[in-house]
Amino acid sequence: MTDYKFSKQIKRFSIILAIIGAIGIAFGFYNAPSNVEESKEIVAKMSHDGYGGDHSEGHADGYEGDSHGEAHNEGHGGGYGDDSHGASGHEYDHDKHVFHQLQNKPWAAIYVPALFFMMISLGVLAFYAIQRASQAGWSIVLYRLMEGVTGYLLPGSIFVIIILIFSALKFNHLFLWMDPEVVAHDEIIRNKVGYLNIPFFFARAIIYISGWVLYRNITRKLSLEQDNNNEISIHKKLFKFSAGFLVFFLISESMMSWDWIMSIDPHWFSTLFGWYVFAGMFVSGITTLAIITIYLKSQNYLSFVNDSHIHDLAKFMFGVSVFWAYLWFSQFMLIWYSNIPEEVTYFITRIEDYNFLFFGMVVLNLIFPLIVLMNSDFKKTNFIVILTGIVIIIGHYLDVYNMIMPSAVGDMWSFGPAEIGGFLFFLGIFIYVVFKEISNAPILAKGDPFVEESKTFQYYNLD
Amino acid sequence: MSVKRLHVMFDDDDILLDAVKEIVKNKMYIYEVYTPFPVHGLDKAMKLNPTNISIATFIYGCIGFTVAVLMMYYIMIVDWPQDIGGKPSFTLIENIPSFVPIIFEMTVFFAAHLMVITFYMRSKLWPFKKAENPEPSTTDDKFLVDMESGSNLSKTKTMLKKMGAVSIKEVKE
């Protein structure tokens with residue numbers, strides 16, 4: 001057993017990813033229109049490419065008889081937040097609306113991956129806290145990897161906060177309720193001002209982030225202390241902190257999802273949204289953990305990790321994927337069936353403008369892992385776990401994309417340099433921070449009272 | 001010396017597991033092992049073939065899925081289409097979200113029930129069947145190995161005693 005050294009290849013690889021990503025992001029911002037005329041030109045160009053054709057066709061298709069027209073108008077009105085929509089100033093408003101969407105596009109393109117990678121880290125933190133609070137015996141050998149992934153939590157949340165601050169400073173229109181002019185004309189948002197206002201929004205954000213980072217740093221410190229100190233009191237302290245943190249986490253995570261994701265659609269709400277976002281971050285976190293474990297094992301750093309550990313991680317990937325789909329479907333079906341205009345617009349936008357992504361994501365996140373990981377032997381085959389892991393990661397990136405983009409840019413979405421660049425940029429930083437953090441500590445939490453149980457862990461059904 | 005059938009009793013699952021491994025290593029046939037609860041790894045120790053019931057269950061689930069889709073198609077699309085909540089049932093694909101819970105339940109129902117029935121048939125269990133269990137205490141806290149003694153009875157007995165057997169009983173075939 002040797003402790004992990006931050007390898008040159010990983011360092012170079014992550015820096016290259018971040019640089020390519022930064023170029024892509026810069027290109028995206030450079031391409032964004034700075035006034036209404038420019039945005040008209042871009043839209044005209046897009047329709048030449050056949051994009052506009054699709055767009056108008058989609059709108060012309062009667063979707064569901066009566067309810068459609070009403071609901072759809074509501075959707076645009078909601079996205080725009082302006083009562084005068086549909087009246088005399090329609091032409092002008094539409095151009096201005098598209099202009100705002102195109103202006104939002106590069107911002108949304110970096111907001112999606114910033115949020116996604118922060119949530120991976122947060123999901124692993126929740127997983128870590130659950131292992132600690134349940135005093136699990138199998139996962140001790142993975143503690144240092146989990147602590148490594150949660151090392152990204154602070155930088156990741158700072159990125160998110162920076163984007164939110166830019167939003168509050170009116171550099172973009174991601175959050176409509178931050179614009180006092182919109183609020184003045186919008187009764188629904190006006191009724192929510194007690195909760196959705198800028199000072200309270202940032203105060204909450206600071207509470208969530210400091211709570212998470214505090215727990216993360218305390219447990220990290222205690223865990224490192226445990227390496228040289230066999231006192232059981234440290235173990236007990238870790239247990240207590242973790243159990244307490246889980247209570248805080250479930251509340252703060254739910255509110256985080258309302259604040260940072262759901263409030264992009266200030267008219268729309270869903271009561272299980274917090275759970276849904278949690279399931280997504282949980283499965284992407286566990287998947288990331290599985291991929292890192294298999295990578296480090298292939299580099300001969302984790303001689304004490306055996307097939308049973310991989311098998312357990314893959315079982316979690318399988319189970320939480322199904323759990324995610326259960327919540328996704330519960331949210332979708334209830335809103336689809338009841339067909340209430342202010343609720344159903346959320347899904348009408350997604351089904352009309354994001355059809356392939358919206359349903360394709362379900363294939364990637366449910367059908368693929370369900371079929372591939374059902375077989376017990378596949379769950380310990382490293383190659384298959386990695387393959388499924390990559391599919392799940394892409395699927396959940398698209399899930400977050402589907403949460404943010406429709407409200408931020410409407411049907412003007414694409415996977416251009418800004419979207420791909422944004423993903424690569426945050427991926428590069430994530431890899432750099434995580435592997436750096438793993439290299440900062442011994443690779444095995446050898447002071448944990450359960451460490452021997454974890455090393456000899458054997459799932460009885462595996463040979 | 002003739003080969004005898006033995007009922008060997010143990011009172012701990014770990015001891016039982018080690019003993020079974022030893023018996024198998026000495027090439028003595030084990031008819032059956034009676035335990036009060038499932039002992040993990042016992043099937044591997046007895047060198048039984050891995051069970052196929054999971055594959056059977058998967059197939060039953062697929063049957064349930066198909067039956068549910070056809071059933072909903074017949075009931076809600078072909079036979080008696082209804083307009084529920086402004087959602088006319090004219091095609092299966094447009095109404096599939098409202099059928100998903102039913103399809104899910106039917107899949108689980110078929111998989112679970114047919115699996116249990118298969119298990120009963122495979123284990124030769126049916127209602128009012130008389131228990132084959134030779135020793136009622138194996139439903140409480142004892143473990144019993146029903147085995148063949150091998151050619152050297154006294155040697156086998158000594159070995160079993162050494163492995164931690166609580167009692168050894170010779171039974172007639």
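Helix α1 of chain B, residues 13–25, lies across β1, β2 and β5 of chain B and runs at about 10 degrees to β5(B). The model in which these elements are examined is predicted.

**Exercise 1.** Work out in which order the strands of the open sheet in chain B are arranged, and which strands form its edges.

*Solution.* Begin with strand β1 (residues 5–10) of chain B, which six bridges join to strand β5 (residues 143–148) of chain B, the two running antiparallel; within this pair, Arg5(B) stands opposite Glu148(B). Next, consider strand β2 (residues 30–34) of chain B, which pairs with β5(B) over four bridges, again in the antiparallel sense, and here Glu32(B) has Asp146(B) as its bridge partner. The complete open sheet consists of four strands with antiparallel pairing, in the order β2-β5-β1-β6 of chain B. Its edge strands are β2 and β6 (167–171) of chain B, because each pairs on one side only.

**Exercise 2.** Compare the reach of helix α13 of chain A with the expected span, and state what follows the helix.

*Solution.* Helix α13 of chain A covers residues 307–338 and has 32 residues.

Notes:
Residues numbered from 1 in each chain as written. Chains lettered and ligands numbered in written order. Predicted model: local features only at pLDDT ≥ 70, side-chain atom pairs only at ≥ 80, totals over all residues. Expected span 1.5 Å × (residues − 1). Contact = placed C-beta atoms within 7 Å. Axes fitted to C-alpha atoms, helices over the stretch in contact; angles between N-to-C directions.
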